[in-house]
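Reader: I would like to go through the terms used for this structure and see what each of them rests on. Could you set each value beside its cut-off as we go?

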Amino acid sequence: MIDRDRLAALRAAEEERFLATHPRSAELATAARGSLLAGVPMPWMTRWPGAFPLTFAEARGARFTDVDGIEYVDLCLGDTGAMTGHALPAVAEAIAARATTGLTTMLPSTDATWVAEELARRFGLPCWQLAMSATDANRFVLRFARALTGRPRIAVMDWCYHGTVDETLAVLSSTGEVIARPGALGPQVDVALTTAVVPFNDLDALDRRLALGDVACLLMEPALTNIGIVLPAPGYLEGVRAVTREHGVLLVIDETHTMCAGPGGASAAWGLEPDLLVVGKAIGGGVPVAAYGMTASVAEALTGPMLGHEIDVAGVGGTLTGNALALAATRATLSTALREEDFAIAVPLAERFTDGVAEVFEQHSLPWTVQRLGARAEYWFCPPPRTGAEAAAAGDEELEAYFHLWALNRGILLTPFHNMALFSPFHTAADVDLHTSVFAEAVSALLG
Ligand code: PMP
């Protein structure tokens, strides 16, 4: 259906336009190659559209400006790290106040209990711990789950992503074996030994795998968001809870991205009953912090080990974790953002986005679709996938690169790796409509 030569020509023109309009970012990217591996501080920063990543100068609310003075509508929002909107004044004040009164001491600060109580109120789990990142929180939870159950394996969904946790970087091969996810570099251990992998939306497969009795916990997002949005089929999550309970497997819900569903994530919105819950990224308003909550019975079972003399070498740690800066930023964020009233603005904007994109598909009779989860939306070049493997197979790098670069060249930043847009209370209907018209132009140019 897509004329690939036409696509390549359009993309080449967009690449030229990008080079011509970003001379300062180009200079900085060239200089960076002298001292930074591949010219970037983090490997995935090479994956932005265009020949080099933009260097940003300032970000506020739903917008940022690059070093060439161009302003963008930010639909990436730091891949959820800035879901609140950038540079919240309350967070800036809390950071500044803490910076002059001490940032890290290894002692609890006065904000710690407030943060835990607020997380308990939002997510319905009574007991909390802090971590530096959602990756760390997941790693810690997996250790605790093994310690509690005495079982050797963890289970995850096929094509999940939970951060750089080695044992979660696993997928099912075409013959159903657990293998390392393509791209995983230098894994610590063979994932076939650590991990059970099941397809999303497949209760029978989950039941069969957990029945083997060797799985400590199932770690999952309530909707996959890292291979595009894959929504749970009706009844699936209730089934997951029943099956995990039946087999004595702890259910860990990772709400790091699905917090876009509301102030208490999808767990609160959909009445889920996890044993443990992980949340990260957005809760610090941009400051690195994550947290994990647990039921009273998990907390009770963990209290013994937590009070053990050797807890400092338990493999659950981080000297700067739970520091005063992170807690002050989290308190400021949770008291002024990601509340009902904020979602009441952001979610309708995501709805407006899906309506606009769906209309473009209809106008051109394209069999493409757009999905939404709360304030997050994503378009697909196919019908909505039901599993991670279907989603992975639907990826089209050339098409995605074209749409991303077309949007960037017209002042819109999409989330890299897939076609995701995230909305904050600072976005406006005009921002959404700008995307819709830019996207419609890109589709028209492509179809000729
Ligand atoms: N869990 C989920 C669901 C995520 O999407 C991510 C990152 N995209 C993480 C955990 C890891 O977060 P971080 O990279 O901040 O550790």
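Reader: Why is Leu338 called buried?

Author: In this predicted model, where local features need pLDDT of at least 70, side-chain atom pairs count only at pLDDT 80 or more, and totals for chains, interfaces and linings use all residues, Leu338 has a relative accessibility of 5%. Buried means under 20% relative accessible area, exposed over 50%, and partly exposed in between, with a 1.4 Å probe and protein chains only, so Leu338 at 5% counts as buried. Residues are numbered from 1 along each chain as its sequence is written, and side-chain values use heavy atoms, with hydrogens and water left out.

Reader: Where does Leu338 lie, and what is its phi?

Author: Leu338 lies in the loop between helix 11 (324–336) and helix 12 (340–363), where helices (H or I, at least four residues) and strands (E, at least two) are DSSP runs numbered from the N terminus. Its phi is near 55 degrees, a positive value in a residue other than glycine. Most residues other than glycine have a negative phi.

Reader: Which value of phi does Leu77 have, and is Leu77 buried or exposed?

Author: Phi of Leu77 is near 50 degrees, again positive in a residue that is not glycine. Leu77 is placed in the loop between strand 3 and helix 3, and because its relative accessibility is 0%, it counts as buried.

Reader: What makes Thr84 buried, and which residues does Thr84 touch?

Author: Thr84 has a relative accessible area of 3%, and therefore it is buried. It sits in the loop between strand 3 (71–74) and helix 3 (89–99). Contact means heavy atoms within 4.5 Å, and, not counting residues up to four places away in sequence, Thr84 touches Ala282, Gly285, Thr333, Ala337, Leu338, Ser424, Pro425 and Phe426.

Reader: Why is Trp114 called partly exposed, and why does Ser109 count as buried?

Author: Trp114, in helix 4, has a relative accessibility of 25% and so counts as partly exposed, whereas Ser109 has 15% and so counts as buried. Ser109 is found in the loop between helix 3 and helix 4 (112–123), and beyond four places in sequence it touches Arg98, Ala324 and Leu327. Trp114, with neighbours within four places left aside, is in contact with Arg331, Leu334 and Ser335. The C-alpha atoms of Trp114 and Leu327 are 9.0 Å apart, although 213 residues separate the two in sequence.

Reader: Why is strand 10 described as largely enclosed?

Author: In strand 10 (residues 250–254), 5 of the 5 residues are buried, so the strand is largely enclosed by the rest of the structure. Both of its faces are covered, with Leu250, Val252 and Asp254 buried on one side and Leu251 and Ile253 on the other.

Reader: How do you know that strand 9 and strand 10 are paired?

Author: Two strands pair if DSSP finds at least two bridges between them, and 4 bridges join strand 9 (residues 215–220) to strand 10, the two running parallel. Met220 stands opposite Ile253 of strand 10.

Reader: Which strands stand at the edges of the open sheet, and why?

Author: The open sheet has 4 strands in the order 1-2-3-15, with mixed pairing. Strand 1 (56–60) and strand 15 (412–413) each have a single partner strand, so one side of each is left without a neighbour in the sheet. Strand 2 (residues 63–66) is joined to strand 3 by 3 bridges and the two run antiparallel, with Arg63 opposite Val73 in strand 3.
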